[in-house]
Amino acid sequence: MNFSYLVSIFGQLSDGLKFTVGLFFVTIIFSVPLGLVLSFIRVGSHKIIQRILGGYIWLMRGTPLILQLYFFYYGLSLVTSIQLSRFNAAIVAFILNYAAYFCEIFRGGLLGVSKGQYEAAKVLGFSTLQTNVRIVIPQMLRITLPSVANEFITLVKDTSLITVLAIDEILNLAKKIVNTDVNISAYAVVAVYYLIATFLLTKLFEYLEKKFAY
Amino acid sequence: MVEGAVISVRGLSKSFGKTKVLNNINFDVYKGETIAIIGPSGVGKSTMLRCLINLEKADAGSILIDGEYLVRNGHYENERTCRKICSQMGMVFQSFHLFPHLTVLDNLIYAPKYVNREDEASAKKRADEILRKVGLADRKESMPSQLSGGQQQRIAIARALMMNPEILLFDEPTSSLDPLLKNEVLSVMRQLAEEKMTMLVVTHEMGFAKEVADRVLFVSEDGIIADDSPDKIFNLPSNPIIKEFICSIKAV
């Protein structure tokens, strides 16, 4: 094993980044806003919608993400006429799964904003929407920032689960290289990718926590 | 309803579950008056105040604010009308409730800017004046968490003043402050009283009630049992409950 071999693997694995990084960003872009909207419904008072939402969260948190990947790729076409591509199935599963977790995180954050904040906003004449956008959500995001950071980091590593749908993201490529070369160093190289990503996210969230400290 | 009153309350009743908190409350407030609302804890003084600004819904009775019914015989106007009526009032809370994620300046200008659509420059200019008035002109870039309790409460008063209220409601504004910090808040309130701001103050500060209030409402479990000048309430209490309350305070 020599250094140039490791570097060549590093280069080969970068082909898989479009799936790993793509899945990461698409999941974040859709699941965070979706989780935010759902969290407001979850703290609301509509009984039937509450039940449905509770069921959805139970399903998403109560089954393995791998099983959900299987469902959206293999299962969905059996119950409906929809056949998603491998990567699209992965995207749908990840967004729905992560939205459920973000919903619960944000719900916790919303409960952490004191009743007095709503009252102060009300007596100043803020509408419900203004209160939520200007007063409640900024405080809720600050409260939930450490948990959100945790989810982001978990997501980086969870992207490797799409290997089960034979998508060539970085871990799957590493596995192939290991099998071809009969050399396990590719696993060490792929670990470096994950470590770089999680390091950057950790620094980003440290910065955000400082910036939004009050 | 009484001619010339800015607030008229008639037959106001309110229960939390089976507990009757307010039972047939009646009083009037005239423009420019400072009213101290005193009495033992847990008799609904705060609830009474909160009903006036629609933070609690009354079960029965009427509340008339500056000639408009907020609630008439237990029936509320629609949300928009209620909001409009209540916009003439400001409220100061026991635990300040400043917006912790905003600077002092933003705490002051947010409501004028987003609720009243005032332009930012003019709101900032007014904020400077009002901050000077409460003695905190140098703290406009501070975060609330960097201020003492007394400073936070003065900012809360400033925030309420930014909306140019006709009436200010104070719900135990000094109860969570130590004696030194109480005084800086009370002196701002005293100044407002001298400027003839209409104020209703739920308080345990008997000194303030005695010296600053034009009128004192004494609330007990039976409702408002006295509505009189501070002099009469403190020096010639007619009712044994008031007598006992005043004596117990003097004994401290």
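User: What area is buried between chain B and chain A, and what share of it do carbon and sulfur atoms give?

Analyst: About 1900 Å² is buried between chain B and chain A, with carbon and sulfur atoms giving 64%. The size of an interface is often given as the accessible area lost when the parts come together. Buried area here is the accessible area (1.4 Å probe) that two parts lose on being put together, summed over both. Of the area that chain B buries against chain A, 28% comes from Arg83(B), Phe99(B) and His101(B), more than from any other three residues.

This is a predicted model, in which local features need pLDDT of at least 70 and side-chain atom pairs count only at pLDDT 80 or more, while totals for chains, interfaces and linings use all residues. Residues are numbered from 1 along each chain as its sequence is written, chains are lettered from A and ligands numbered from 1 in the order in which they are written, and side-chain values use heavy atoms, with hydrogens and water left out.

User: How many residues does the contact take from chain B and from chain A?

Analyst: Contact means heavy atoms within 4.5 Å. Chain B contributes 22 residues and chain A 18 residues.

User: Which side chains meet in a salt bridge?

Analyst: A salt bridge is a side-chain nitrogen of Lys or Arg within 4 Å of a carboxyl oxygen of Asp or Glu. The count between the two chains is one: Arg50(B) meets Glu119(A) at 2.6 Å, N to O.

User: What does Arg50(B) belong to, and is that element buried or exposed?

Analyst: Buried means under 20% relative accessible area, exposed over 50%, and partly exposed in between (1.4 Å probe, protein chains only). Helices (H or I, at least four residues) and strands (E, at least two) are DSSP runs, numbered from the N terminus. Arg50(B) is one of the buried residues of H1(B). Seven of the eight residues of this helix (residues 45–52) are buried, so it is largely enclosed by the rest of the structure. Just after H1(B), Asn54(B) takes a positive phi of about 70 degrees.

User: With which side chain does Glu56(B) make a polar contact?

Analyst: A polar contact is a pair of N or O atoms within 3.5 Å; within protein, one must be able to donate a hydrogen and the other to accept it, and residues adjacent in sequence count only if both atoms are side-chain atoms. The partner of Glu56(B) is the side chain of Arg50(B), at 3.1 Å. Glu56(B) sits in the loop between H1 and strand S4 (60–65) of chain B and is buried, with a relative accessible area of 15%.

User: Which loop holds Asn164(B), and is this residue buried or exposed?

Analyst: Asn164(B) lies between helix H5 (149–161) and strand S8 (167–171) of chain B. At 56% relative accessibility Asn164(B) counts as exposed. Its phi is positive, about 50 degrees, although it is not a glycine.

User: How many residues has the largest nonpolar core?

Analyst: A nonpolar core is a set of buried Ala, Val, Leu, Ile, Met, Phe, Trp, Tyr and Cys residues joined through side-chain atoms within 4.5 Å. The largest has 49 residues, and those with the most contacts inside it are Leu13(A), Phe94(A), Phe152(A) and Ile162(A). H5(A) gives the largest share, 12 residues. Not counting residues up to four places away in sequence, Leu13(A) touches residues including Ile170(A), Leu173(A) and Tyr193(A).
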